[in-house]
Amino acid sequence: MIILSFILFLVAMTGIGILSARKSKSTTTDYILASRDVGPVATSLSAVSTCHSGFMFIGMIGFTYTIGISAIWLIISWMIGDYVAWKMVYKRLRKQTEASNISTVSGFISHHFNHKKQRIIQWVSGSFILVFLAVYAAAQLTAGSKALNAMLGWPVNTGIVLGAVIVGIYSVAGGIRASIWTDVAQSIIMLCSMIGLVTVAIVHLGGLGQLFDSLSAINPSLVSLIPTNLQFGFPLYILGWVAFGLGVIGQPHIIVRPMAISSPNHIQPAMRLYLLWYLIFSICAIGVGLAARVILPELSAVDQELALPKMAISLLPSIFVGGILAGLFSATISTADSQVLTCSATITQDLFPKGKQRMMASKLATLAMMLVAMGIALAGSKNVYLLVVLGWSGLSVILGPLIVLQCFNIRLAFTSTLLMMLAPFATIMVWRQWLQLSGDINEVLPGIAVALMVLLVTKAPKKKPVITPTRK
């Protein structure tokens, strides 16, 4: 029954993606931005399933399993970031990209330069996008493969290849429209499966009171809202995660959704639905992680990121386990397809614009990026949490500040723009890899701080030279 329900899900998602191709127009604008005619409901559901995906099902639940209820601060911080993005940035982004006929992030942050400088900015930013989104997409394929391994016993590599094939088929067929159509269905499956599992788990444990009593008996820190052993204190810890949440502005695969919405006036209603869905879903995800710590204590010595699939198997009938698996797999491919399509748009529109108007070039680029992401997943780390955080953090500090400045019509000089990408990138790598301080303050905060320093220095008013009069 698990396999049957999962196969039905795969067939349905592939069918929806292929059907979307029937409405698609044979233009690269439609392939990349769905001709900017996506409604607010589809935009919000697509954005939320793309943004909160395999990481929530695998990485976030594993993180909650490990540290307990204090994981809620990540959710609160991300919601603050989402609200700021929808309220202050997306409407401006939608208006300006349409007015300038721009379809990619690299094109948006570079369009005010002359041709030579624009090409350099496109290449630098586009290269970062390809690297980080390929890693990010690989994390999604890894998350899906972990679920298949835990629930069906399939080899991890089988799940990676299967996810890549499914995403490749409908992404090549329908472009961003296929991604959005499937995202809508996937977001519904994701929400229903998470609500169902957390409800069953809490009932199984005897209610919320019993859940918290059991967690306290295991370790009192699991029911403490304030994380312990923070080197720089709680306020900076929270500020770091708020900065991480604001990093949504720098995620090209997410902000392409508001860029494709049918009208700037639809941003507001889309935001309301987005935040409502996210609030319900994230609370349920926290609940699943906490319940798993009590029901499956043995995972603390193995792989905490298997908490959701293992708990579904232990609590649910087979047909519902298949539904959970479908929800989890939905989450992973709903993000992977968006990232792969964003990479293909970057290749054809920014890096090699000679293929700008060629549909075949866009489809070949999509296929190539899917193969790259699959290769990284097969060869790389199996820790979804670390892969996602690395990809998200990199794009947050490299692109986020520049996108905000462009939206508010603040133009930087060429050198300043390069520094705004390279200096924050170097900062987060030193902070995470060398200083290893990301557990105390997320690396996005020092990355953004460095970006602001670059802005203040380069935009500071220059002192006029003092001219000394000369005697004739």
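In the predicted model, C51 is buried, with a relative accessible area of 6%. The structure holds zero disulfides, and C51 accordingly takes part in none; the nearest cysteine sulfur, belonging to C343, is 16 Å away. A disulfide is a covalent bond between the sulfur atoms of two cysteines. The cut-off for such a pair is 2.5 Å between the sulfur atoms. C284 was examined in the same way: the closest cysteine sulfur, in C192, lies 10 Å from the sulfur of C284, which is too far for a bond. C284 counts as buried, because its relative accessibility is 10% and the limit for burial is under 20%.

A search of the whole structure finds 14 aromatic pairs. One of them joins W78 and F244, whose ring centres are 5.7 Å apart and whose planes form an angle of 35 degrees, a tilted arrangement. W78 belongs to helix α5 (residues 72-99) and F244 to helix α10 (residues 234-246), so this pair ties together parts that are 166 residues apart in sequence. Both W78 and F244 are buried. The two residues also belong to one aromatic cluster, which is formed by W78, W241, F244 and W392.

A further aromatic pair is made by W277 and F281. The ring centres of W277 and F281 are 4.6 Å apart and the planes meet at 25 degrees, so the pair is classed as stacked; the angle falls under the 30 degrees required for that class. Both residues lie in helix α12 (residues 267-295), and because they are four residues apart, about one helical turn separates W277 from F281. W277 is buried, with a relative accessible area of 5%, and F281 also counts as buried, at 0% relative accessibility.

The surface was examined for nonpolar residues. M1, L4, L8, I319 and F320 form a nonpolar patch there, with about 540 Å² of accessible area together. Two helices, α1 (2-23) and α14 (318-351), each supply at least two residues of this patch. I319 counts as partly exposed because its relative accessibility is 45%, a value between the limits of 20% for buried and 50% for exposed residues.

Key
Residues are numbered from 1 along each chain as its sequence is written. This is a predicted model: local features need pLDDT of at least 70, side-chain atom pairs count only at pLDDT 80 or more; totals for chains, interfaces and linings use all residues. Side-chain values use heavy atoms; hydrogens and water are left out. Patches are made of residues with over 30% relative accessible area and no salt bridge: like charges are joined within 9 Å, nonpolar side chains (Val, Leu, Ile, Met, Phe, Trp, Tyr) within 5 Å. Accessible areas come from the Shrake-Rupley method with a 1.4 Å probe; for residues, only the protein chains shown count as cover. A salt bridge is a side-chain nitrogen of Lys or Arg within 4 Å of a carboxyl oxygen of Asp or Glu. Buried means under 20% relative accessible area, exposed over 50%, partly exposed in between (1.4 Å probe, protein chains only). Rings of Phe, Tyr and Trp (its six-membered ring) pair if their centres lie within 6.5 Å; planes under 30 degrees apart count as stacked, over 60 as edge-to-face and the rest as tilted.
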